[in-house]
Amino acid sequence: MKHWRLIITCEHGGNSIPPTYRHLFKGKRMLLDSHRGYDLGALPMARRMAKHFEAPLYAATRSRLLVDLNRSIGNPGLFSEITRSLAPEDKETLLGKYYASHRDQVQGAISALIHSGEVVLHIAVHSFTPVLKGRERSMDVGLLYDPQRRGERLFCHDWKRALLNRHPNYQVRCNAPYKGVSDGLATFVRSLLARNYMGIELELNQSHYQQGRNQWRRLCTAVVDSLDEVLSKHHP
């Protein structure tokens with residue numbers, strides 16, 4: 001019986017800026033440290049998942065304000081207001097050095113596994129700010145998938161159920177706070193590798209990370225243990 005080959009990615013794992021571009025971000029420390037600069041807590045979660053499942057992790061630590069690795073070419077959000085006015089050749093350099101290097105590596109790893117006969121479960125780890133534009137987002141965990149893909153839909157519903165069995169007080173929602181078919185790395189890979197691929201974006205509320213180590217550890221444990229349970233039941 002086949003089993004999933006798990007791949008973990010983290011597109012917004014850090015907020016560092018390469019020396020060449022630091023002059024663009026002078027006086028922008030608060031912005032870089034905000035949810036717009038990176039996904040707070042996403043990288044520690046991705047590392048924990050990769051270690052627990054002995055899965056490869058592809059993580060980026062450059063700020064999304066430089067170039068957003070979770071947006072497709074042509075998306076208005078690919079470059080931030082800070083880098084949008086750069087010369088075309090400078091944008092091409094950013095895309096080649098940071099954007100393509102991450103996405104090509106992930107796509108290549110997934111393609112190689114599928115072409116060798118494996119079935120891939122790709123989990124892209126992200127986090128979201130608890131308050132956006134004055135509106136509170138009270139959910140704790142979001143599981144994003146394509147509702148037209150039966151495997152992804154059933155897997156996420158089972159993952160949600162397993163999570164709530166462990167922590168009934170958590171609010172777990174499917175395809176929230178974003179739609180699972182919105183522009184993102186998993187959506188892009190689906191368009192290229194429809195067969196033997198399942199792409200899920202995990203979204204965690206940053207409030208758990210902000211409330212301290214114990215709170216975040218509790219959430220991470222619930223997510224990892226519930227995923228472990230679902231993986232033991234689901235087979236490609």
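Author: In this predicted model, the structure holds ten salt bridges.

Reader: Why is the pair of Arg5 and Glu118 called a salt bridge?

Author: The term requires a side-chain nitrogen of Lys or Arg within 4 Å of a carboxyl oxygen of Asp or Glu. The closest N and O atoms of Arg5 and Glu118 are 3.4 Å apart, so the pair meets that cut-off.

Reader: What makes this pair a tie between separate parts of the chain?

Author: Arg5 belongs to strand S1 (residues 4-10), whereas Glu118 sits in the loop between helix H3 (88-115) and strand S3 (119-128). The two parts are 113 residues apart in sequence, and therefore the pair ties them together.

Reader: Are Arg5 and Glu118 buried, exposed or partly exposed, and how do you know?

Author: Buried means under 20% relative accessible area and exposed means over 50%, with partly exposed in between. Arg5 has 38% relative accessibility and so counts as partly exposed. Glu118, at 26%, also counts as partly exposed.

Reader: How do you know that Asp39 and Arg64 form a salt bridge, and which parts does the pair tie together?

Author: Their closest N and O atoms lie 3.0 Å apart, and the cut-off is 4 Å, so the term applies. Asp39 is in the loop between helix H1 (29-33) and helix H2 (42-53). Arg64 is in the loop between strand S2 (57-59) and H3, so the pair ties together parts that are 25 residues apart in sequence.

Reader: What places Asp39 and Arg64 in their accessibility class?

Author: Asp39 counts as buried because its relative accessibility is 3%. Arg64 has 19%, and the limit for buried is under 20%, so Arg64 counts as buried as well.

Reader: Why is the contact of Arg166 with Glu229 given the name salt bridge?

Author: The N to O distance between these side chains is 2.5 Å, which is within 4 Å, so the name applies. The pair links distant parts of the chain, with Arg166 in helix H4 (residues 150-166) and Glu229 in helix H7 (residues 213-233), 63 residues apart. Arg166 is partly exposed at 36% relative accessibility, and Glu229 is partly exposed at 23%.

Reader: What makes His122 a buried residue, and where is it found?

Author: His122 is found in strand S3. Its relative accessibility is 0%, and buried means under 20%, so His122 counts as buried. Among the residues that His122 touches, leaving aside those up to four places away in sequence, are Ile7, Thr9, Ile110, Leu185 and Tyr197. The C-alpha atoms of His122 and Ile7 are separated by 4.8 Å, although the two residues are 115 apart along the chain.

Reader: How many helices and strands does the protein chain have, and why is the chain called as compact as a globular protein of that length?

Author: The protein chain has seven helices and eight strands.

Reader: What share of the residues is buried, and what share of the contacts joins residues 24 or more positions apart?

Author: Buried residues make up 50% of the 236 residues. Of the contacts with a separation of 6 or more, 80% are between residues 24 or more positions apart.

Notes:
Residues numbered from 1 in each chain as written. Predicted model: local features only at pLDDT ≥ 70, side-chain atom pairs only at ≥ 80, totals over all residues. Heavy atoms only, no water. Helix = DSSP H or I, 4+ residues; strand = E, 2+ residues; numbered from the N terminus. Buried < 20%, exposed > 50% of the residue type's maximum accessible area, 1.4 Å probe, protein only. Contact = heavy atoms within 4.5 Å.
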